[in-house]
Amino acid sequence: MAGDRERCLQAGMDDYLAKPLRPDELDRVLGRRLGLGPHAEASAALVDEARLRTLRVDYAEIAGQLASLFTDGTPALLDEIETAHADGDDDALRRAAHKLKGSCQNVGATFMATLAGSIELGQTADDTVDELRGAFAPTSEALHAVLGKA
């Protein structure tokens, strides 16, 4: 109804989504709520649901392990990216971003793969590195929610 959004926000709600929910609006609000920054609005989702379905069906016996490998291995790659960025070592930065991008693509972590890809191409800004770090926890949670825990 007209004015519902304004009344809800004035009453103290954090945000407002009208039914029927639209995926692009939901992604925008979730990105803002999760602190994923400006790339979140351009991103369709944190993960590729079709890729996750394929992993869950075709590799059911190891799907949870794949999610755990991503969760366990990614922090070290994020550290490499942050260190190389802070040191101004563009070659190390691109190598680490390339490794992370591949890992993300393997498990369907599309949003993080996009960010890592932009860093690999030399489109690095402080906020992109921060955004990548901030996207890790919700991405990991999304992967484990669909693929399970090892």
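**An aromatic pair**

With the centres of two rings required to lie within 6.5 Å, this predicted model holds 1 aromatic pair. Select phenylalanine 70 and phenylalanine 136, whose rings form that pair with 6.0 Å from centre to centre and 45° between the planes, an arrangement classed as tilted. The pair links distant parts of the chain, since phenylalanine 70 belongs to helix α5 (residues 63–87) and phenylalanine 136 to helix α8 (residues 126–147), 66 residues apart. Are these two phenylalanines buried or exposed? Phenylalanine 70 and phenylalanine 136 are both buried.

**Around phenylalanine 70**

Keep phenylalanine 70 selected and display its contacts, leaving aside residues up to four places away in sequence: the residues touched are Ser103, Cys104, Val107, Ala109, Met112, Phe136, Thr139 and Leu143. Next, colour the largest nonpolar core, which has 31 residues, and in which Phe70, Ile81, Leu100, Met112 and Leu132 touch the most other members. The elements that give two or more residues to this core are α4, α5, α6, α7 and α8.

**Helix α6**

Now select residues 90–107, which make up helix α6; its 18 residues reach 26 Å from the first C-alpha to the last, close to the 26 Å expected at 1.5 Å a residue. Within α6, the buried residues are Ala92, Leu93, Ala96, Ala97, Leu100, Lys101, Cys104 and Val107. If you look down the axis of α6, these buried residues fall within an arc of 165°, so they line one face of the helix. An α-helix has 3.6 residues a turn, so residues three or four places apart point the same way.

Turn the view to the face of α6 directed away from its buried side, where the exposed residues Asp91, Arg95 and Asn106 are found. Then return to the buried residues of α6 and show their partners, which lie in α4 (49–58), α5, α7 (110–120) and α8. Just after α6, select glycine 108, which takes a positive phi of about 85°.

**The whole chain**

Finally, zoom out to the protein chain, which has 8 helices and 0 strands. Buried residues make up 36% of its 150 residues, while the chain exposes about 8700 Å², of which carbon and sulfur atoms supply 53%.

Key
Residues numbered from 1 in each chain as written. Predicted model: local features only at pLDDT ≥ 70, side-chain atom pairs only at ≥ 80, totals over all residues. Heavy atoms only, no water. Phe/Tyr/Trp six-rings, centres within 6.5 Å; stacked < 30°, edge-to-face > 60°. Helix = DSSP H or I, 4+ residues; strand = E, 2+ residues; numbered from the N terminus. Buried < 20%, exposed > 50% of the residue type's maximum accessible area, 1.4 Å probe, protein only. Expected span 1.5 Å × (residues − 1). Arc of directions from axis to C-beta. Contact = heavy atoms within 4.5 Å. Areas by Shrake-Rupley, 256 points an atom, 1.4 Å probe, with all protein chains shown as cover. Core = buried A, V, L, I, M, F, W, Y, C linked by side-chain atoms within 4.5 Å.
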